[in-house]
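Trainee: I have a two-chain model to read. Can we go through it by question and answer?

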Amino acid sequence: MSRINVLEFEKLVAELDDTIAKAKQAATRENRNVLADVTELEEERNQLLRDFFVGLTPWDEVLLARHASRPYTLDYVPLITEDFLEVHGDRLFGDDGALIGGFAQMGGQPTLLIGQQKGRDLKERQKRNFGYVRPEGYRKALRLMQMSSKFRRPIVTLVDTPGADPNVASEERGISESIARNLREMSVLSSPIVSVVIGEGGSGGALGIAVADRVLMLEHSIYSVIAPEGCASILWRDPTRGADAAKAMRVTAQDALSLGLIDEVIPEPLGGAHRDLETTAAAIKEAVTRHVRELNTLSVAKLRTLRYEKLRALGRFSEGLDTTE
Amino acid sequence: MPDWFRRRSTHNDPGSKTSGPSPETPVTSNGLPDAAAAVPEGAFTKCQKCNAILYTKDFERDLKVCSKCGHHHRISADERIEYTVDEGSFSEINADLIAVDPLSFPEYAEKLAKGRKVSKHADSLLTGTAAIGGQPCVLAVADFAFMGGSMGSVFGEKFARATDHAIQEKLPLIVFCASGGARMQEGLFSLMQMAKTSAAVAQLAESAVPYVVVLTDPTTGGAFASFASLGDVIFSEPGAYVAFAGTRVAQQAAQNKNLPTNYQLAEFQQEHGMVDKIVPRRELSITLARTLTFFGVGSKSAAADQAGTEAATPGSQISPNQNGTQ
């Protein structure tokens, strides 16, 4: 249990990164060939990363999913699309900065792209409401998705939210209704839907844009019915036991895959998405366009039938009397 | 057969309801030391809101609504059925779906066992067919006594099968919600029941099957953010806690703000357009019957409707404009 967590570990890696960068700079400045030294240092660092990442705990995955440097939707957009035209507003009340949507070209395919958006600095965080989506966000998403369904444009959603906004104004404007409506309506859309959890898949707030034909997760993202701290707080009256709750609830991408609740885990570069944005984006684009291509071959009726069957199959229970009781 | 699975005999003998405050109550006591012992167990009930002391028999005759302050106490799924549907008309379906422990979650097995013991049912949702005011329907009733009415895999599956049944039989679906939301002991499986139940509601719509929701205390979180917000019609009992955020989250959110006194209650939700009508418990049966009549699904006989409804809800009076009208 004395193992350090991933954020503490990263401080060690940062020192090595720093040393490597300095060695490279020095080599350039002095016009000297230190390639061998640098390669050795890099190999040492990568081995360190590999060794540590092999034994990531569920709590490490939570920390990575919420990492301050983790790429957000708008970081990926220019890399996974050839073109993106953002559009705004729910036509009912306002525009939610925590959820973006627009017309994208992805691998030559006109695609509706929806994504939850967190902010990097204080000003941006306020604009994005820390990624907590309001009713206007879900309603904007639904407006765009239903429009796209009319024209059979595929829908891709990027999921990254701690949850739906629980504040008074959101209650007043029907946050529950806005999520519930999305769940119902997404189940009958005529467009193929592919959802990718890229960071935090926070409960109903995440699910509100993730009822899909294919659900993918980045390797170090999480998907959870309640925040681990919230679970610990309710179960054990101790919000500091988030690590125990994360383990018990099986929140990691690998867990979700092995439980049969998602379709694919998209591998991240060594050390996590934030260490190599381009490689991560390329992996996302490859996976998403592949699934969209497959889904595009299905008729609307078949697509909707398969989606409903998939949704109906969610859950584990036994039928008939359990004699062991 | 485990005892939680056995059909519970009606614990409130309808015959005893007519007696009201009865001679065996302790008012006749003349100071003998053992007078207290003569008080039958549970002869009095204290209102959980106003602390009024009520005769239990009166309290039960009043469908567990406080006669002093009108507080609607939480009731079991069995009581809900007894209070709402035509006598003897309820027939349970899919009673043998049983929760498993897919994550081997700490203490889940114990909580399930306790829930079964307390509620006498296999899980937190009771489904079946029934008649209300002579009109047949499919009924799903959440039981808060079973792990807070939480939505696990069994809840979702029974809900979905109830929609199947409603579609096949062309019967309206009526759902009574009393749920704190997702059952975190089933992790992501539990979250997915939001999607599953909501998708099942979409199928009802595609088949033009009416879907009526009655929100009762409490309806929060994943329940309110899925099937419970999707009724063609949404009724609520007065004073029910109905909100997205649970009390803890709400308290945090409410810091430094002046909140309306009815915040997070059914009345607040109605003010903001989320609830069609607040209906007191004793008027629910007739209100549901009138609603089903509008949709015109199922058997119809106007005379039988009236008679059946009157019989099903003791003391109910038709007073359409009395409540919920602004």
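Trainee: In which sense do β6(A) and strand β8 (residues 264–266) of chain A pair?
Mentor: This is a predicted model, where local features need pLDDT of at least 70, side-chain atom pairs count only at pLDDT 80 or more, and totals for chains, interfaces and linings use all residues. Residues are numbered from 1 along each chain as its sequence is written, while chains are lettered from A and ligands numbered from 1 in the order in which they are written. Strands are DSSP runs of E, at least two residues, and helices are runs of H or I, at least four, numbered from the N terminus; two strands pair if DSSP finds at least two bridges between them. β6(A) and β8(A) have three bridges, and their sense is parallel.

Trainee: Which residue stands opposite V196(A) in β6(A)?
Mentor: Strand β5 (residues 193–202) of chain A pairs with β6(A) over four bridges, in the parallel sense. Opposite V196(A) stands L216(A).

Trainee: Which residue of β4(B) is the bridge partner of F317(A)?
Mentor: Strand β9 (residues 317–319) of chain A runs antiparallel to β4(B), joined by three bridges. The partner of F317(A) is A99(B).
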